[in-house]
Amino acid sequence: MTYRIAVVCLGNICRSPMAHVVLEKKLEEAGVDDVEIVSSGTGGWHTGDPMDPRAADRLTQAGYDASQHVARKFTTDWYAENDLLLAMDESNYADMAELAPTVADSERLRMFRSFDPQATEQDIEVPDPWFGGEEGFVEVLAMIERTSDALVAEIPALIASRQS
Ligand code: 4NP
């Protein structure tokens, strides 16, 4: 049975689409074919939009395919549809936790960077690059690539501990 991971930010046009594309490529490179990645935003302003061009350019320059993204909105149904739900920042986490149908569902919600070997309790967010310049997107992609490598390595353990 496919293990499904949802990566979630605010607009679903910068951070979570970048994580979506990076994770898909790293899973494919690792030969993992029983994990599906989806992404969405807790805000609905960009539903139906492609990725922010700055995020898309950064991904394209790094060898990823950014062309297929269509922004979606996170809803409570995403808990039933996914095994693991990953928030990019604390505010996304709080918004997602509020929509969890049960306490057991909220236990499948984690910070994306909880997999990052360089994260600390004080430095656990993927910062929103939307309001800043290009350098924010460079920093975010490095964080996402590092975290995705660690997450892919954890996949066998995640699948083994899946809740039915
Ligand atoms: P994201 O960035 O959450 O990483 O996709 C943002 C995109 C759009 C907005 C905020 C953050 N916005 O306010 O429209």
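**Sheet, helices and ligand surroundings in a predicted model**

Val7 stands opposite Leu86, a residue of strand 3. Strands, like helices, are DSSP runs numbered from the N terminus, with at least two residues (E) for a strand and at least four (H or I) for a helix. The structure is a predicted model, in which local features need pLDDT of at least 70 and side-chain atom pairs count only at pLDDT 80 or more, whereas totals for chains, interfaces and linings use all residues. Residues are numbered from 1 along each chain as its sequence is written, and side-chain values use heavy atoms, with hydrogens and water left out.

Strand 1 (residues 3–9) and strand 3 (residues 84–87) are paired in the parallel sense over four bridges; two strands pair if DSSP finds at least two bridges between them. In general, the strands of a sheet pair through backbone hydrogen bonds, either parallel or antiparallel. Here, four strands make up an open sheet with parallel pairing, in the order 2-1-3-4. Strand 2 (35–41) and strand 4 (109–111) are the edge strands, each pairing on one side only. From one strand to the next, the twist averages 25°.

Helix 4 (residues 90–98) packs on this sheet and touches strand 1, strand 3 and strand 4. Contact means heavy atoms within 4.5 Å. The direction of helix 4 makes about 175° with that of strand 4. Helix 6 lies across strand 1, strand 2, strand 3 and strand 4, and runs at about 130° to strand 1. These angles run from 0 to 180 degrees between N-to-C directions, with axes fitted as lines to C-alpha atoms, for helices over the stretch in contact.

Val140 is found in helix 6. Val140 counts as buried because its relative accessibility is 1%; buried means under 20% relative accessible area, exposed over 50%, and partly exposed in between (1.4 Å probe, protein chains only). Not counting residues up to four places away in sequence, Val140 touches Arg15, Met18, Val126, Pro127 and Pro129. The C-alpha atoms of Val140 and Met18 are separated by 8.7 Å, although the two residues are 122 residues apart along the chain.

Asp116 is located in the loop between strand 4 and helix 6. With 4% relative accessibility, Asp116 also counts as buried. The side chains of Asp116 and Arg146 are joined by a polar contact of 2.7 Å. A polar contact is a pair of N or O atoms within 3.5 Å; within protein, one must be able to donate a hydrogen and the other to accept it, and residues adjacent in sequence count only if both atoms are side-chain atoms.

In helix 2 (residues 53–61), the buried residues are Ala55, Ala56 and Leu59. They lie on the same side of helix 2 because they cover an arc of only 100° around the axis, the arc being that of the directions from the helix axis to the C-beta atoms. The buried residues of helix 2 pack against helix 1 (15–29) and helix 6 (134–160). Pro53 and Gln61, on the other side of helix 2, are exposed. At the N-terminal end, helix 2 is capped by Asp52, with a side-chain oxygen 2.8 Å from the backbone nitrogen of Arg54.

A polar side-chain atom of His46 lies 2.8 Å from an oxygen atom of the ligand. For Ile13, a backbone N or O atom lies 3.0 Å from an oxygen atom of the ligand.
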